[in-house]
Amino acid sequence: MASTLYEKLWQNHIIEEKADETPLIFVDRHLIHEVTSPQAFANLKFHNRALRHPERTIATMDHNISTRSIEINAAGEGAANQLRTLEKNCKEFGVELFGMGHKNQGVVHVMGPELGLTLPGTVIVCGDSHTATHGAFGALAFGIGTSEVEHVFATQTLRQTKAKTMRIEVKGQVAAGISAKDIILAIIGKTGSAGATGYVVEYCGEAIERLTMEERMTVCNMSIEFGAKAGLIAPDETTFAYLKGRDYSPKGELWEQAVTDWKQLKSDTDATFDSYLTLEAKDIKTQVTWGTTPGQVTQVDNVIPSPEDFSDPVERDSCVAALKYMGLTAGTKITDITINKVFIGSCTNSRIEDLRAAAAIAKGKKVSPTVDAIVVPGSYRVKAQAEAEGLAQTFIDAGFEWRLPGCSMCLGMNDDVLTEGDRCASTSNRNFEGRQGRGSRTHLVSPELAAASAIAGHFVDLTTINSPAKGA
Amino acid sequence: MENFTQHYGLVVPLDAANVDTDQIIPKQFLQKTTRTGFGQHLFNDWRYLDNDGKVNNPEFILNKPEYKDASILLTGENFGCGSSREHAPWALQEYGFKVIIAPSFADIFYANCINIGVLPITLTAAEITELFKQSKDSLQHLTVDLATSKVKSADKEYSFTMTPFHKYCLENGVDSVGWTLNKIAKIESYEAKMPAWQ
């Protein structure tokens, strides 16, 4: 029978599927960090249970670390306690940890792929909802809660209900200067914030196939923002070329065997999905969110919508509440909205290509005197490369702060928080109320638009500025 | 995990869609290494006017005195979206909620609730609208019976569905890790057949 990519991954990982029990699947790779693991380790100890596969578990410190200092105490007592607890637990259970200042340390979803820990055809989980990022490699990857983290520790398996399947095709080619962030925000704008709840989404079509691995990660990263269990892109030559020779990628004969297996990982041409969505790439414009869910998004040359624009009563009420929180008036041109903060970073947009794209816009320009802008690379490897390529200096010369790697202002668990009334152009993934600080207002954008807005002090239509755009 | 069979309690209607886990428990309270201590910070930014959690927002429905003992949360679609933080259902549970009723839940949040013994119930949008109306008109108590999958008001019954295994785990307070460890032979047999690169 014809199968989708998801169904193949599922079938390859089933340990037990019975009528009266939730299916049991194997987990190949478990990524952990300081915030969602301590209670799982504590329960393991309480029950005197072993961690089944320490070698399949990798830890990093990312969520609440300081981006100003590698000192473990630099982000406060609570953070330090969690970081030390992770250190202690990793030592006790034999888990490899990329701790403060380690050359492999980074945001978990940046670190995994760049080290070759993320492989096609595997199941990857992490106590973090943006684990969907790793689906860019054709891995079934999804976020889990702490009770599930404990289950994976003890058994290297999870109980999962089989998801429905959705195919999202982006036909043709995007215009010059349109980024992967614009593609995924445009998709979420179509589906709404819960459009894929209960589904695993497979992205396909020419515009997706043409993306680099880093761009594919940006797309898959935000799958959770429209409710999807996971996002997938079938692995191809782009995937294999990216992975070959990475630290943890298979080597020699194992590599050859792996690639042979990975080439089978695509949806059969006659496979059927439970749901379909098609977008024309040429119609996708630069995106900016205006509300408090990622689905409240429009294009930069548009205006703030009015509640009357929505026929669905829930969407209408959400629009009223969002405009109030965001301090915005219907009909305002997006390009007339001034911002005072810019954040370039997060597991969505902190990889080297993101920094190159932002630096290309910032080169030779100055951040507006009314804006504070920070750039937070996704990992120490990204940081080193950006410094070697001169990108860091470009940012510094333009007046951006160049910080140490971490999750930083995406969720503001450290001291990188906005204050009430701040309005931020952010390359992160969530514009929820208070996400970046109580009473603060977040607009999700691409790295290109974040950089351009930092310079202008307001959102700008990138087609009106003269700059070497990515993909041009 | 505590087992769940039946619950009778007061409903508090929180009429909002897409309530994300950042609202349920904001990030500044995620630095604990325990499963407790989250209930006092539930819905912090909506519930308190100050940053120290000392000044109640009188407008927020959980702060209204008549809802003080509520144990059933009635809410809008896509409840629990966003971050996977299990701290969100921990906070709801510690505050005193045993049951959450909504037209839909985010997937990870739903699984987290099942895993800690909070009952997430999905009813149709029309049924939710009806329950909201009743709960806003006057204080409403509901009986939730897991064995028969029914929610009962004074004059009406609503049916919900749940997978048999989820139901079994909730009814019996199953230790899911222990349950799976009993199947270790099956896991070992899977591991023995995996390709070497995997």
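1. In chain A, Arg246(A) lies over the face of Tyr242(A), at 3.7 Å from the ring centre.

2. This is a predicted model, in which local features need pLDDT of at least 70 and side-chain atom pairs count only at pLDDT 80 or more, while totals for chains, interfaces and linings use all residues. Residues are numbered from 1 along each chain as its sequence is written, chains are lettered from A in the order in which they are written, and side-chain values use heavy atoms, with hydrogens and water left out.

3. Rings of Phe, Tyr and Trp (its six-membered ring) pair if their centres lie within 6.5 Å; planes under 30 degrees apart count as stacked, over 60 as edge-to-face and the rest as tilted. By this rule there are 23 aromatic pairs over all chains. The rings of Tyr6(A) and Trp10(A) have centres 6.0 Å apart and planes at 45°, so this pair is tilted. Phe240(A), Trp255(A), Trp262(A) and Trp197(B) form one aromatic cluster.

4. Tyr6(A) and Trp10(A) are four residues apart in helix 1 (residues 5-13) of chain A, and are therefore separated by about one helical turn. Helices (H or I, at least four residues) and strands (E, at least two) are DSSP runs, numbered from the N terminus. Both Tyr6(A) and Trp10(A) are buried, meaning under 20% relative accessible area (1.4 Å probe, protein chains only).

5. Helix 12 (residues 352-362) of chain A has nine of its 11 residues buried, so it is largely enclosed by the rest of the structure. Among the buried residues are Glu353(A) and Asp354(A). Just after this helix, Gly364(A) takes a positive phi of about 80°.

6. Lys341(A) belongs to strand 15 (residues 341-344) of chain A. With 17% relative accessibility, Lys341(A) counts as buried. Not counting residues up to four places away in sequence, Lys341(A) touches several residues, including Val371(A), Leu418(A) and Asp422(A), where contact means heavy atoms within 4.5 Å.

7. A search of the whole structure finds six cavities of 30 Å³ or more. A cavity is a set of points on a 1 Å grid over the protein atoms alone where a 1.4 Å probe fits but cannot get out; grid points are joined across faces, edges and corners, and a volume is the space filled by probe spheres set on the points. The largest cavity has a volume of about 230 Å³.

Methods: Buried < 20%, exposed > 50% of the residue type's maximum accessible area, 1.4 Å probe, protein only. Lys NZ or Arg CZ within 6 Å of the ring centre and 35° of its normal. 1 Å grid on protein atoms, 1.4 Å probe; cavity = no way out; pocket = protein on both sides within 12 Å on 5 of 7 lines; lining within 4 Å.
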